[in-house]
Amino acid sequence: MDPSDQKLFTVVDFVIFGVLLAASLGIGLYHALSGGRQRTTQEFLMADRSMKCLPVSLSLIASFQSAVAIIGVPAEIYTHGTQYWFIGCAYILGLLIPAHVFIPILYRLRLSSAYQYLELRFSKPVRICGTLTFIFQMVIYMGVCVYTPAFALNAVTGFELWGTVLATGLVCTLYTTIGGLKAVIWTDVFQTLVMFAGQLAVIVVGVQKTGGVSEVWRKVWEGNRISALDLNPDPTERHTFWTLGVGGVFLMLSLYGVNQAQVQRYLSARTEKDAVRSCYMVFPSLQLALALSCVMGLVMFACYCGEDHSSKLGTASRDAMVISFVMDMLQGLPGLPGLFIACLFSAALSTISSAFNSLATVTMEDLIKPHFPAMTEARATLLSKALAMSYGLLCLAMAYLTHLMGDSVLQVALKIFGMVGGPILGLFCLGIFFPWANSTVSIRRAQHGVACFPTVRFYSLSYMWYSAFNCSTVILIGLIISFLTGPMKAEDVTPGTVYPLLGKLLCFLPERHKKKLCGVTPQVQTVRSRAAPRIVKLVFTRGTSTECILVSGVVAFAL
């Protein structure tokens, strides 16, 4: 790259970028010194279960809308057209199902880790297996999230790449460690607003410089970047309506239904209604975020007419073109380049901090506390903070591996979620929807069934089908093993861990047949009193007997 062609930050850009980092650190410091001062694991890991639906919903958006999406989606649209936009169709079921199935079950059980459910429903080895799989998934993904904005900052400032990787990771690790989940959620709120502002600024300036909306439309239409509805059923096709609209549902479920980073936000809400509302509020915001990224890709195509300008930044990566485009559009407008890089870092910091906090939570709740039940609260909190910091440093190392990958950052991220998140989703679905699925150790094999599945055809599937294929394989193998080893009896199923899906689908059958097929039918009643305003009474019908479970925080007893 010719240094004379490199478009560097101005003083104003550095100020704006510095304000972003300072604000994020300030929010973390505020929550470290206010309230309970993060002295308990309940406050540090779960925000005292006191968050309202608006900050929770914005945090849910920020956790998913990472720098990977802000750079990767425009590059995808620029290269392949608008077919990817159809993934927005998957957001409907991908959020409705968690809101009405996963959130009620997990929230009423008053869990800290989503994988505690796996022990309640199956066994402790299954819980540990799920936890380790999640840790593996998030550590790899965090490498992608740390590397992406660091690469962008290196491109526009000339800073050393690994110096910017280190700065990204350390800032995020610091405010996550000192401020806990409250700091993570409130910085997510701030950073979400910065994300939208940065993308909008690039689009407005880009449209203006290209000649207006009509000129942008003319160029993208003539360049065949407006994709029609592709109903090709071939699962090996990279992007069709089916791979995005159907395969994308499973991807969304793995993210918004059972991923600890998202589940932890639901569980931090004050009430179950707030948790469900936050999930509903995510939908329009995710559609807006997707639209901004896709429109940005179209404006970029109208500006460059399909030419490859990534060489300006000394790399052949199409992801780099987004940075080149931003600097071309915003050059000469002091502050706006800094705003967009702040936008990228906001997306990255929000995603990374969410991961650090959730990784610390599952490690503490699933791997450490069960072996040290007598650990004091003060020591547990200190250890949780140390875990958050340790995961931060580990993810910095993973960023180096991302540097060696050849695919676009978007495709790498979605492959990770499909290959690793899909089996976890399958395990939860197996427990929630199939009451006869048993808790034998064979279920662990089902979680890893994809790796052993005898097919070469799997590798030619569209990466958007990975999650659906893996989830279905886990369910199929799990059910087969359950029937071969003896289906679980209704009285052995932990109350509150099963959703009566078959009961709802088979509503036309006589009641006695539904009871045999469904095993457990939950009916939910809410009991409020001055002494225990958040007590939830769950009534479960098993055959002819009725059991009432009274759950209030850590108190649970059967009548």
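## Exercises on a predicted model

Trp436 has a relative accessibility of 17% and so counts as buried.

**Exercise 1.** Which kind of aromatic pair do Trp436 and Phe483 form, and where in the chain do the two residues lie?

*Solution.* Start with the geometry: the ring centres of Trp436 and Phe483 are 6.2 Å apart and the planes stand at 35°. Pairing requires centres within 6.5 Å, and planes are stacked under 30 degrees and edge-to-face over 60. The pair is therefore tilted. Next, place the residues: Trp436 sits in the loop between α17 and α18, and Phe483 in helix α20 (residues 466–485). The pair thus ties together parts that are 47 residues apart in sequence.

**Exercise 2.** Is Ser439 buried, partly exposed or exposed, and what does Ser439 contact beyond its neighbours in sequence?

*Solution.* First find the residue: Ser439 is in the loop between α17 (409–433) and α18 (442–447). Its relative accessibility is 27%, so Ser439 counts as partly exposed, since that class runs between 20% and 50%. Then list the partners: setting aside neighbours within four places in sequence, Ser439 touches Arg121, Phe122, Ser123 and Met488.

**Exercise 3.** How are helices α5 and α13 oriented relative to one another, and what kinds of residue make up their contact?

*Solution.* Helix α5 (residues 90–108) packs on helix α13 (residues 272–304) at about 160°, and the axes are 9 Å apart. Angles over 145 degrees count as roughly antiparallel, so that is how α5 runs relative to α13. Their crossing is right-handed. Now for the residues: those contributed by α5 include Leu95, Ala99 and Ile103, and those from α13 include Val276, Phe283 and Leu286. The contact as a whole comprises 17 nonpolar, two polar and two charged residues.

**Exercise 4.** What geometry does the pair of Tyr115 and Phe428 have, and which aromatic cluster includes both residues?

*Solution.* The count of aromatic pairs in the model is 13. Tyr115 lies in the loop between α5 and α6 (116–121) and Phe428 in helix α17, 313 residues apart. Tyr115 is buried, because its relative accessibility is 1%; Phe428, at 0%, is buried too. To finish, the cluster consists of Tyr115, Tyr117, Phe134 and Phe428.

Note on methods:
Residues are numbered from 1 along each chain as its sequence is written. This is a predicted model: local features need pLDDT of at least 70, side-chain atom pairs count only at pLDDT 80 or more; totals for chains, interfaces and linings use all residues. Side-chain values use heavy atoms; hydrogens and water are left out. Helices (H or I, at least four residues) and strands (E, at least two) are DSSP runs, numbered from the N terminus. Buried means under 20% relative accessible area, exposed over 50%, partly exposed in between (1.4 Å probe, protein chains only). Contact means heavy atoms within 4.5 Å. Axes are lines fitted to C-alpha atoms, for helices over the stretch in contact, and angles run from 0 to 180 degrees between N-to-C directions. Angles under 35 degrees count as roughly parallel, over 145 as roughly antiparallel, 65 to 115 as roughly perpendicular and the rest as oblique. A crossing is left-handed if the near helix is turned anticlockwise from the far one by less than a right angle, and right-handed if clockwise. Ala, Val, Leu, Ile, Met, Phe, Trp, Tyr, Cys and Pro count as nonpolar, Asp, Glu, Lys and Arg as charged, and the others, Gly among them, as polar. Rings of Phe, Tyr and Trp (its six-membered ring) pair if their centres lie within 6.5 Å; planes under 30 degrees apart count as stacked, over 60 as edge-to-face and the rest as tilted.
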